[in-house]
Amino acid sequence: MEIEQEIGEEREREMEKSKVLIVGGTGYLGKRLVKASLGQGHETYVLHRPEIGVDIDKVQMLLSFKEQGAHLVSGSFADYQSLVNAVKLVDVVISAISGVHIRSHQILLQLKLVDAIKEAGNVKRFLPSEFGTDPARMADALEPGRVTFDDKMVVRKAIQDAKIPFTFISANCFAGYFLGGLCQPGKILPSRDSVLLLGDGNAKAIYVDEDDIAMYTIKTIDDPRTLNKTVYIRPPKNILSQREVVEIWEKLIGHDLHKSSISKEDFLASIEGQEYAEQVGLIHYYHVCYEGCLANFEIGKDAGEASKLYPEIHYTSVEEYMKRYL
Ligand SMILES: NC(=O)c1ccc[n+]([C@@H]2O[C@H](COP(=O)([O-])OP(=O)(O)OC[C@H]3O[C@@H](n4cnc5c(N)ncnc54)[C@H](OP(=O)(O)O)[C@@H]3O)[C@@H](O)[C@H]2O)c1
């Protein structure tokens, strides 16, 4: 094939790729979405909120995005028209606004974004800030942890009522939170001495490298198979119990950890009296690590699974991920 023809076809492919706006782009997941969007050749816009003021880390990060080819768009949740204007620049909007109480929880702010997308009328796909347990499966979740799922469902309903095309990403456990702490709440570095097992430690959960979450997410945005669907990120090798995660770590460090365990009843009792934000997180651990809520169902025909949809992505295994802590 002639070189000119190859370049022409490459350009054509790039031109077909949607333009993307990332909201919450300086966040823990958001910065990875920006990188993945640029990496997959999308023209990428990142919302720059004036509220960040003199937060030097965020400003520097935004400037580094610009150096990598992203466009910075000024816009604020306090200025509705600025959101409409930002949304009008793109085909796809991805929100990674905060939703972890120990950091910040702003899920319902997205209702303004939904209104802006509806008014702008040009958006072909909206991916709201989800990236965790599928909230549609958590109608029986315990208080106060259920607030995360309830709020995400409120946003889903607004999107569907507004007839905005969507994809919902259920990313299961962020590896940094869950593998880093050997699935123990309140810990994000693996101990070399001991571990507390939640119950018998045998409930299966699913762990995903945050960069892989971003890669899969960007893959979905121009994919007709994922239109108006939930996509679960369920890499088959990473469906493991806490005990299996601990075994992998023990193999890496070359010795066994001392193990104790906490019963379901004692775990639930321990939540009382904690700060609200901690309680929310502990209830999430309860549903994941005692009830096995992430892996105890089959994915239906009306949804997709990312590693099957995109077999070309080499996802990070739990063992590969954990090597970083050695
Ligand atoms: N499955 C899991 O294990 C897991 C773990 C963590 C998070 N999550 C989910 O992933 C999503 C993203 O969470 P994250 O931890 O990446 O979020 P984060 O880093 O805590 O925050 C993301 C962004 O939210 C924006 N934000 C925060 N407060 C705001 C406010 N008052 N007004 C406007 N914007 C505000 C900021 O955007 P700017 O960049 O504009 O400043 C911030 O960078 C959430 O839905 C969360 O529930 C899942």
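So, the core. In this predicted model, the largest nonpolar core takes in 72 residues. If you want the ones with the most contacts inside that core, look for Leu33, Ile94, Phe131, Tyr207, Phe267 and Met322. Helix α11, residues 276-290, gives this core its largest share, seven residues. And there's another core lying apart from it, with 27 residues, among them Val87, Val90, Val93 and Ile97. As a general point, nonpolar side chains in soluble globular proteins tend to be buried together.

Let's zoom in on Leu33. What does Leu33 touch, once we leave aside its neighbours within four places in sequence? The list runs Ile22, Ile94, Ala96, Phe131, Ala214, Thr217 and Ile218. Two of those names, Ile94 and Phe131, were also on the list of residues with the most contacts inside the core.

Stay around there and find Ser37, which sits in helix α2, residues 30-39. Is Ser37 buried or exposed? It's buried, because its relative accessible area is 0%. Again leaving out neighbours within four places, Ser37 is in contact with Val20, Ile22, His42, Thr44 and Ile218. Ile22 and Ile218 turn up in the contacts of Leu33 too.

Next, helix α4, residues 80-88. Its buried residues are Ser82, Leu83, Val84, Ala86 and Val87. Val87 we've already met, over in the 27-residue core. What covers the buried residues of α4? The cover includes strands β1 (20-23), β2 (44-48), β3 (71-74) and β4 (92-95), plus helix α5 (110-120).

Okay, on to the ligand. There are 30 residues around it, and Thr26, Lys58, Arg103, Ser129 and Asn172 come nearest. By type, the shell splits into 14 nonpolar, 11 polar and five charged residues. Elements that each supply at least two shell residues include β5 (99-100), β9 (173-174) and α7 (175-178).

Let me walk you through some atom pairs. The side chain of Ser129 has an N or O atom 2.7 Å from an oxygen atom of the ligand. With Leu29, a backbone N or O atom is 2.9 Å from a ligand oxygen. On its own, the ligand has 900 Å² of accessible area, and the protein covers 88% of that.

Last stop, a few spots in the loops. Between β7 (125-127) and α6 (146-161) there's Pro144. The peptide bond from Glu143 to Pro144 is cis, with omega near -10°.

Then we have two residues other than glycine with a positive phi. Leu182, in the loop between α7 and β10 (194-198), has phi near 50°. Leu182 counts as buried, because its relative accessible area is 0%. Asn228 has phi near 55°, and its place is the loop between α8 (210-220) and β12 (229-232). With 40% relative accessibility, Asn228 is partly exposed.

And where is Asn296? Look in the loop between α11 and β15 (303-305). Asn296 counts as exposed, because its relative accessibility is 51% and the cut-off is over 50%. Along the chain, Asn296 and Lys204 are 92 residues apart, yet their C-alpha atoms are separated by 7.9 Å.

Technical notes:
Residues are numbered from 1 along each chain as its sequence is written. This is a predicted model: local features need pLDDT of at least 70, side-chain atom pairs count only at pLDDT 80 or more; totals for chains, interfaces and linings use all residues. Side-chain values use heavy atoms; hydrogens and water are left out. A residue is near a molecule or strand if one of its heavy atoms lies within 4 Å of it. A polar contact is a pair of N or O atoms within 3.5 Å; within protein, one must be able to donate a hydrogen and the other to accept it, and residues adjacent in sequence count only if both atoms are side-chain atoms. Accessible areas come from the Shrake-Rupley method with a 1.4 Å probe; for residues, only the protein chains shown count as cover. Helices (H or I, at least four residues) and strands (E, at least two) are DSSP runs, numbered from the N terminus. Ala, Val, Leu, Ile, Met, Phe, Trp, Tyr, Cys and Pro count as nonpolar, Asp, Glu, Lys and Arg as charged, and the others, Gly among them, as polar. A nonpolar core is a set of buried Ala, Val, Leu, Ile, Met, Phe, Trp, Tyr and Cys residues joined through side-chain atoms within 4.5 Å. Buried means under 20% relative accessible area, exposed over 50%, partly exposed in between (1.4 Å probe, protein chains only). Contact means heavy atoms within 4.5 Å.
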